[in-house]
Amino acid sequence: MRVVVCVKQARVVPGHVELTADGRAVAEDFVERQVNEPDLFAVEEAIRVRERSGEGHVTAVTVGDEASEAVLRQCLAMGVDRAVRVAVDDAASHDPLLVGRALADVARSEDADLVVAGVQSTDSAQQATGPAVAGFLGVPCVPSVTQVGALPGALRVTREVGGGRAEVVDVDLPVVLTVQTGVNEPRYGTFKDMMKAKKAEIAVVGPPEGGARTAVRRVFRPRADGPSFEPIEGTAAAVAEQLVALVRAEAS
Amino acid sequence: MSGTLVMAPVADGAVGPVAGELVAAAASCPPGPVVLGLLGAPPGDAVDAAGADRVVAVPGAPPGTDLEADAAAARALLDEVEPDVVLTPFDPDFAAFGARLAAERGMAFVADVTGLAVHDDGLVAVRPVHAGKLDAEVVCPSGTAAWVQVRPGAFGPAAPAEPVAVSLLPAPLAGPARVRHVEWVEPPSSGVDLAHADVVVSVGRGVGEENVGLFAEIARRLGVALGSSRPVVDAGWLPQEHQIGQSGTRVAPRLYVAFGISGALQHLVGIQGAKQVVAVNTDPAAPIFSVASLGAVADAVEVGKEMLNLL
């Protein structure tokens, strides 16, 4: 069973930011990079699929610049077998279809039976990566998966359908799954795995041809005209008093 | 290739308000005919199309019931209409196949769109970025078809219009089923009735694991329900029955007080029925404030401790 797991390095910004001179992005000084937490559940699930199948191979892949290799080293420390980065610059990587095409190309060259990704990224949250990869590979995508079980040549998966309900489906391979959050406990690598991961070689491939289909023109603060909510001023005690009064008025 | 194809669900025998919102959004797309494409069995021979020029429907189960059937229905609508722009709701059912179809058909793609306008360089979509702290303008260049997923509620409802006759498309030929239904799983019944609560006190990751108990006690002493965002349940700080959001419980209380909740879209969807939302969060840019009528930029735990002193 050959598994490819897609991992993103998300961007986190504070409440107050400054923008670049061209207004197209948040200034570098205000951007922190962090592994996209939902993807860790996908990495853990990929490793468990390999463990259950007895033999298999997991490749972690990310799309981004050199600094994004940090998320691949985290995956190697967790125990994936191989890591690949598709070199795409920041400005282009906002486009889910460019990212999807890059990931699909790697899935093809890795001869993947199964591609897994997190259900969405914390920064962009378009829920598009898994479906985009499936579209480029010409295979189905099952999103929001909470359980994965093996069948001969297929998988039996449970997917969330909203309101706490779920559906169990059998899916033929190859297939793309997106893994919901909270479905497993992503492992920490052993100290030995972490040391190995530091030194491991990460394969780097070039970006797909054609580039991004959409472009970011500018970013801006959504509530430029000021907050629309009525602020409660004062100390924590003053806020607390108002909230207790409000709840008591509505609860009666 | 011309015009705008709006895709909307038929569920419970009705074309819901989201169809009208998307037809209204089509007014901000490049000029051309607007076709309302329904997924699911249409409720009658004619429907209120909210101003669309034409209505087509692919009969079948409502979106989200059969993943491969949804993708096939979307392909059938694309083949029939050949639009410049596709507008669909941004929700999990449509997200499941949106980027997949856009990838198959060589289209541009953008999701969670709250604004649209035609400019010289193409169709410009506004969408939240950086966890909703900022907005971005994304250009879908003219000459490339675009697949746009619109945030429900972002465009106002369209005025009611004369009914338009529905053309039924033939059900797409099914190939061998690569995704096969086994069974549905219902959620376990729980003792927490969030769906009917008048007041909900809710906690997010911002309060920290060690303070969840504080807010549980506040809710208990005030006699109100305790809810939470998804990350709190994912982390195991509260059981699943407290989860509020798209995949948890949708609530419609008179008052919803959110402590340390950032306001990710899937949570906002769960509280859109709330009459009044009050938020306490240290981050003034947290998206929860965009749906709150009252709020304090403050430490939720500090406020919580003071609240407990009063109870």
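1. Strand 3 (residues 34–39) of chain B and strand 5 of chain B run parallel and are joined by five bridges. Leu36(B) stands opposite Val55(B) of strand 5. Strands here are DSSP runs of E with at least two residues, helices are runs of H or I with at least four, and both are numbered from the N terminus. Two strands pair if DSSP finds at least two bridges between them.

2. This is a predicted model: local features need pLDDT of at least 70, side-chain atom pairs count only at pLDDT 80 or more, and totals for chains, interfaces and linings use all residues. Residues are numbered from 1 along each chain as its sequence is written, chains are lettered from A and ligands numbered from 1 in the order in which they are written, and side-chain values use heavy atoms, leaving out hydrogens and water.

3. Strand 5 of chain B also runs parallel to strand 12 (residues 163–168) of chain B, with three bridges between them. Val56(B) has Ser167(B) as its bridge partner there. Strand 5 (residues 54–58) is mostly covered, with four of its five residues buried. Buried means under 20% relative accessible area, exposed over 50%, and partly exposed in between (1.4 Å probe, protein chains only).

4. An open sheet of ten strands draws on both chains, in the order 11(A)-5(A)-4(A)-1(A)-6(A)-10(A)-7(A)-8(A)-9(A)-13(B), and its pairing is mixed. Neighbouring strands are turned by 30° against each other on average, direction ignored.

5. Within chain A, strand 7 (residues 141–151) and strand 8 (residues 154–162) pair antiparallel over six bridges. Ala150(A) has Leu155(A) as its bridge partner in strand 8.

6. Helix 2 (residues 69–78) of chain A lies across strand 4 (57–64), strand 5 (82–87) and strand 11 of chain A, and runs at about 165° to strand 5 of chain A. Axes are lines fitted to C-alpha atoms, for helices over the stretch in contact; angles run from 0 to 180 degrees between N-to-C directions. Contact means heavy atoms within 4.5 Å.

7. Where does Thr178(A) sit? Its place is in strand 10 (residues 175–179) of chain A. Thr178(A) is buried, with a relative accessible area of 3%. Not counting residues up to four places away in sequence, Thr178(A) touches several residues, including Ala117(A), Gly130(A), Cys141(A) and Val145(A).

8. Chain A has six helices and 13 strands. Buried residues make up 50% of its 252 residues.
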